Amino acid sequence: MKGERTMRKKKVIIALVCLFSVFVVGCGQKEDNNVKQEEEKKVETKDEQKEVSSEDSNVKVQKEIRVSYINPDSGETETEVKKVDDLTTEIIWEALKEKNVIQEDARFNSCELSEEDKSISLDVDQQFGYDIRRMGTTEESEVLKCVVNTFLDSYNYDKIKITENGQVFETSDAVLDGYMTRQ
């Protein structure tokens with residue numbers, strides 16, 4: 001009898017071990033299947049994103065610039081929103097010329113944008129400086145306000161520094177050796 005009991009216990013233990021093994025292997029396969037399915041979903045999602053990205057590259061997204069200018073009738077500063085295909089310094093500069101804020105022969109030398117501190121460094125040519133310095137104090141102030149606000153609003157930055165041929169920019173009334181904010 002004792003031998004039968006021992007045999008039965010061994011059979012029960014072996015059956016339990018086998019059952020447990022089957023259960024563990026089955027769960028492991030289920031988890032592997034879940035992981036595989038999640039990986040397949042991620043691959044599909046990446047492929048879908050690539051398709052959307054390639055479709056987006058065919059569509060031109062229009063941007064806006066906000067051009068500040070002086071209304072010739074009222075003398076007040078106004079802002080016009082202009083749709084553009086690309087946001088560049090050249091486009092902003094030309095928009096300021098179109099609104100007669102900047103003289104036609106004035107140029108900029110360079111424009112550096114710092115995403116880190118949301119600042120713009122705009123270097124203008126001597127003609128721009130000359131045009132500003134020959135204006136009266138009020139007109140000089142209004143033109144600089146339009147240039148500053150147009151660049152800051154268009155790029156959505158916080159401050160701008162204007163230099164003339166790499167040197168500190170001087171007007172007839174002030175030395176602008178630092179950054180200016182929206183006015």
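In the predicted model, Phe128, Ile132 and Arg133 of helix α3 meet Glu140, Val143, Leu144 and Val147 of helix α4, where contact means heavy atoms within 4.5 Å. The residues of this contact divide into 5 nonpolar, no polar and 2 charged; Ala, Val, Leu, Ile, Met, Phe, Trp, Tyr, Cys and Pro count as nonpolar, Asp, Glu, Lys and Arg as charged, and the others, Gly among them, as polar. The axes of α3 (residues 126-133) and α4 come within 9 Å and cross at roughly 135°, so α3 is oblique to α4. Axes here are lines fitted to C-alpha atoms, for helices over the stretch in contact, with angles running from 0 to 180 degrees between N-to-C directions. Angles under 35 degrees count as roughly parallel, over 145 as roughly antiparallel, 65 to 115 as roughly perpendicular, and the rest as oblique.

Residues are numbered from 1 along each chain as its sequence is written, and side-chain values use heavy atoms, with hydrogens and water left out. Because the model is predicted, local features need pLDDT of at least 70 and side-chain atom pairs count only at pLDDT 80 or more, while totals for chains, interfaces and linings use all residues.

Helix α4 (residues 137-155) also pairs with helix α2 (residues 89-98): their axes come within 11 Å and cross at roughly 140°. That angle makes α2 oblique to α4. The contact brings Thr89, Ile92, Trp93 and Leu96 of α2 to Cys146, Val147, Thr150, Phe151, Ser154 and Tyr155 of α4. Its residues divide into 7 nonpolar, 3 polar and no charged.

With a relative accessible area of 22%, Glu142 is partly exposed; buried means under 20%, exposed over 50%, and partly exposed in between (1.4 Å probe, protein chains only). Leaving aside neighbours within four places in sequence, Glu142 is in contact with Ile70 and Thr77. Ile70 is 72 residues away along the chain, yet the two C-alpha atoms are separated by 7.5 Å.

Turning to the loops, Thr171 sits between β6 (167-170) and β7 (175-176) and counts as buried because its relative accessibility is 9%. Its side chain makes a polar contact of 2.9 Å with the side chain of Glu140; such a contact is a pair of N or O atoms within 3.5 Å, where within protein one must be able to donate a hydrogen and the other to accept it, and residues adjacent in sequence count only if both atoms are side-chain atoms. Beyond its neighbours within four places in sequence, Thr171 is in contact with Ile132, Arg133, Glu140, Leu144 and Leu176. Gly166, in the loop between β5 (159-164) and β6, is exposed at 52% relative accessibility. Its C-alpha lies 8.9 Å from that of Asp125, 41 residues apart in sequence.

For the chain as a whole, there are 4 helices and 8 strands, taken as DSSP runs (H or I, at least four residues, for helices; E, at least two, for strands) and numbered from the N terminus. Along the sequence they follow the pattern α-β-β-α-β-β-α-α-β-β-β-β. Buried residues make up 27% of the 183 residues. Among contacts between residues at least 6 apart in sequence, 54% join residues at least 24 apart.
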